[in-house]
Amino acid sequence: MAEEEERVLQEEFRWLLLHEVNAVLRQLQSVLQECSKWFLLPGSTESCLVKAEKYLLTSATGADNVKAVITLYGDNICTADMSVKIHRHSTQNFRTSFREGLQWKLQAIQNAANHLQAALDHVTSIEQGYQFQTGEEVVKVMDDIMGRLNRGRDCLTTPRKRTLEELYSSKIMKMFSPALPNEVIVSFHIHCHKLVLGAYQVHPLQSSSQKPKTALPAIYHPTGSVFELSSQKYEVVQANKVEVAVPWLNDVITYFTVGLQLCQQLKDKITVFQQYWKD
């Protein structure tokens with residue numbers, strides 16, 4: 001590399017470290033602060049956008065085996081009125097609601113909020129005007145922030161897989177009035193910008209020489225899935241899913257993505273300069 005070119009690159013890199021890195025950090029802080037307004041974080045101010053909203057969950061296929069009207073407030077489903085068609089000798093329409101004072105915690109939203117808070121804390125802990133000395137120092141900061149943002153976004157876009165045994169034996173099954181029939185399992189979860197309700201009707205399997213394979217943890221368990229509880233095997237004989245789009249979750253995912261892009265773009269610029277000196 002020619003001496004003059006080397007000098008110009010050194011000056012451009014020094015300007016990047018002294019000015020552009022801090023400008024990106026302030027931009028990133030602004031994006032994460034906007035995102036945080038959609039969560040119930042400690043010290044939430046009047047700018048917090050969280051409010052109670054009612055949603056109707058319906059089937060994408062138009063089927064009416066399951067219906068639910070819920071009230072969502074932040075990471076909590078505060079109320080739920082639900083109807084499930086139970087297929088026995090004849091079809092019965094079972095209606096139930098949350099018992100008074102009980103709420104369903106959507107842990108995915110809470111976890112996403114925690115990761116966002118950690119990323120925001122890291123950004124705000126860097127003093128405005130702080131002078132980074134090396135590209136490696138910048139990359140380390142970006143990697144840490146990106147790790148937190150990726151984990152936060154993944155909480156919403158990649159729901160935790162659960163076994164039917166977990167769902168069936170969960171204390172959440174006891175929060176309904178009237179109580180859910182023994183053969184019914186329900187579960188709420190977040191998947192990207194949607195709130196999803198899975199409802200399953202199960203039936204005990206008779207002992208036989210055939211041993212059906214137990215279902216693995218999954219986001220949604222289809223008809224025919226088998227699980228075992230206290231040495232008794234059960235089969236899902238009816239599986240239904242209803243859902244609703246939650247607009248502010250789409251905004252949150254967008255903010256996470258924009259934050260990640262800002263970090264990656266800065267890392268890419270650092271890498272370009274470092275590559276020159278490697279060559």
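Pro178 lies in the loop between β6 (176–177) and β7 (184–191), and the bond that joins Ser177 to Pro178 is a cis peptide, with omega at about 0 degrees. Please keep in mind that this is a predicted model.

**Backbone geometry in the loops**
- Going from Ser177 to Pro178, you will find the peptide bond in the cis form.
- Cys192 sits in the loop between β7 and β8 (194–204).
- The phi of Cys192 is positive, about 55 degrees, although the residue is not a glycine.

**Helix α1 on its own**
- Helix α1 covers residues 3–36, which is 34 residues.
- From first C-alpha to last, α1 reaches 48 Å, close to the 50 Å expected at 1.5 Å a residue.
- A bend of about 40 degrees occurs in α1 at Leu16.

**How α1 meets α3**
- Two packed helices are described by the angle between their axes and the distance between the axes.
- For α1 and helix α3 (residues 135–157), the axes come within 11 Å and cross at roughly 15 degrees.
- Angles under 35 degrees count as roughly parallel, so α1 is roughly parallel to α3.
- The crossing of α1 past α3 is left-handed.
- On the α1 side, the contact involves Phe13, Leu17, Val21, Leu25, Leu28 and Leu32.
- These residues meet Gly135, Val138, Met142, Ile145 and Leu149 in α3.
- Sorted by class, the contact of α1 with α3 holds 10 nonpolar residues, 1 polar residue and no charged ones.

Definitions and conventions:
Residues numbered from 1 in each chain as written. Predicted model: local features only at pLDDT ≥ 70, side-chain atom pairs only at ≥ 80, totals over all residues. Heavy atoms only, no water. Helix = DSSP H or I, 4+ residues; strand = E, 2+ residues; numbered from the N terminus. Expected span 1.5 Å × (residues − 1). Bend = angle between axes of the 7 residues up to and from the residue. Axes fitted to C-alpha atoms, helices over the stretch in contact; angles between N-to-C directions. Parallel < 35°, antiparallel > 145°, perpendicular 65-115°, else oblique. Left-handed = near helix turned anticlockwise from the far one by under 90°. Contact = heavy atoms within 4.5 Å. Nonpolar A, V, L, I, M, F, W, Y, C, P; charged D, E, K, R; others polar.
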